[in-house]
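Visitor: Please take me through one part of this structure in detail. I would like the place where a ligand is held, and then whatever surrounds it.

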Amino acid sequence: MYKNEVAFELQPKVIDETRQGETLTIERPKTVKSNGKKFYIESYGCQMNFADSEVVASILGGAGFDSTNEFEEADVILLNTCAIRENAETRIRHRLQHFSGIKRRRKGALIGVLGCMAERLKEKFLEQEKLVDIVAGPDAYRSLPGLIEEAGSGQKAVNVLLSREETYAEISPVRLNSNGISAFISIMRGCDNMCSFCVVPFTRGRERSRDHRSIVAEARDLYEKGYREVTLLGQNVDSYRFSEDPQLVGKKLTDAKYDERVINFAKLIELVALISPDLRVRFSTSHPKDMTDDVLHTMAKYPNICKYVHLPVQSGSSRVLELMNRTYDRAWYIERMEAIKRIIPEAAISTDIITGFCTETEEDHQETLSMMELVGYSMAYMFFYSERPGTLAAKKYADDIPEEIKKRRLQEVVDLQLKHSLVHNKRDVGKTFEVLVEGPSHRSDKDLCGRNTQNKMVVFPKVDVKPGTYVQVKVTSCTGGTLKGEVVAP
Ligand code: SAM
Ligand code: SF4
């Protein structure tokens, strides 16, 4: 776990700690001839990066590379990196040290850095980390086979160009490390939101939406292969907007009387939900300023769109939200939260919170705690502020809250959230939920586990069903992170 973040539920969301450093192996397509080289890839950061590593693996497999999960036997070692907080970058630097002996032991081995940290540091990476041969930003993955060749001939290879168009739309990501039941689908890239604390607009570039037909085709293909849950991924899914007519894409959401020519997010989730009532649809992340009632009504209309919204608040204080450039205030957030509760009463809401942002006072902090009381989040990802070079906040405001205060406030937020998660789960005891079986529980192979519509993990004694089956589970007890129960009907 990074030093400055806390996520106490093992759920695949913004940062899933159980997946950090995960490797990925693929089978090269049978129609592609081997080039005799193997790659090794480790992924860090958010779900978007894990989804990107699947795209990278697909591109390299198509270029004749085989994969390995032993870096010692790899010709190319790749790290797909995160830059969101300083500790994420420190972790990558430590990891690079770990690979330092490899070039002595394996002649010609190359080391490449991909993703947000590569984009942030660009050529500087090569100066700072002599070990690194390849630097590729998030929009440069199609050029990786060429970059590897270039680096193989002794030059340092860098491509950090950001694109306004690249969505890797037609690249079908490999999914061999998945549980075969749930998959992530990237629906857009980049972010236009310029929150003052955030490095993402600089590392992932301008926002662009992927063609809805390729998204629906990918979801349908997954369903036909036996997957039963897709999570649509984007930094701000509510601003998804695709049209073949570029003039219509640029229009504000309020102009969007969506017809055949414009697909907005409400329409997209409907299209994916219509693939089959047996395919669950989830998405992440929603932005309070853009989440429309239209989306909420579509969620309410389709039982297979999960009743769960991840709606990062970041702070409960309007003053701090303005400094963060979140473009909504406390009252707006409360109104959106009330809309969720009104339109989808059974929905669970989770959030992201940052403590100790520039100038945050005790009163501001109390407002964050009171927002938590008001909403009663089922789960939260909680961080203390980490200044990122180049961001608006780093340029405009002093990082003036001492670390011990940031941490003390974070602890108070965490303690309150632990309480709320337990209260939230206790309310479910006695209720019966439809659970999509994912497989054996991590703790005991006598138990199975799966999620309910609210994205809560449910554990129950094994019954004779395959992963991917829906079962009705009556909840009999809980902890803050898990519901426990027994199957009452298949
Ligand atoms: N796009 C999403 C949104 O706006 O809510 C989330 C993007 S970011 C990958 C995930 C979370 O990291 C943010 O919601 C925020 O809480 C946290 N984060 C981003 N920059 C941070 C920083 N400089 N210091 C601490 N936490 C940060
Ligand atoms: Fe970062 Fe804000 Fe974009 Fe989220 S919406 S990725 S926090 S700039």
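Guide:

Ser 386 sits in the loop between β18 and α15 (392-396); helices (H or I, at least four residues) and strands (E, at least two) are DSSP runs numbered from the N terminus. This is a predicted model, in which local features need pLDDT of at least 70 and side-chain atom pairs count only at pLDDT 80 or more, while totals for chains, interfaces and linings use all residues. Residues are numbered from 1 along each chain as its sequence is written, chains are lettered from A and ligands numbered from 1 in the order in which they are written, and side-chain values use heavy atoms, with hydrogens and water left out.

Ser 386 counts as buried because its relative accessibility is 11% (buried means under 20% relative accessible area, exposed over 50%, partly exposed in between, with a 1.4 Å probe and protein chains only). Its side chain reaches the backbone nitrogen of Glu 86 at 3.0 Å. That is a polar contact, a pair of N or O atoms within 3.5 Å; within protein, one must be able to donate a hydrogen and the other to accept it, and residues adjacent in sequence count only if both atoms are side-chain atoms.

A polar backbone atom of Ser 386 lies 2.7 Å from a nitrogen atom of ligand 1. For Gln 235, a polar backbone atom is 2.8 Å from a nitrogen atom of the ligand. The side chain of Arg 85 places an N or O atom 3.2 Å from an oxygen atom of ligand 1. Taken alone, ligand 1 exposes 570 Å², of which the protein buries 95% (Shrake-Rupley areas with a 1.4 Å probe; for residues, only the protein chains shown count as cover).

The shell around ligand 1 has 16 residues, the closest being Gln 235, Pro 312, Gln 314, Asp 352 and Ser 386; a residue belongs there if one of its heavy atoms lies within 4 Å of the ligand. β17 (348-355) and β18 (379-384) each supply at least two residues of this shell. By class, the shell has eight nonpolar, four polar and four charged residues, where Ala, Val, Leu, Ile, Met, Phe, Trp, Tyr, Cys and Pro count as nonpolar, Asp, Glu, Lys and Arg as charged, and the others, Gly among them, as polar.

Gln 235 is also listed around ligand 2, with residues including Cys 191, Cys 195, Cys 198, His 287 and Arg 326. The shell around ligand 2 divides into seven nonpolar, three polar and one charged.
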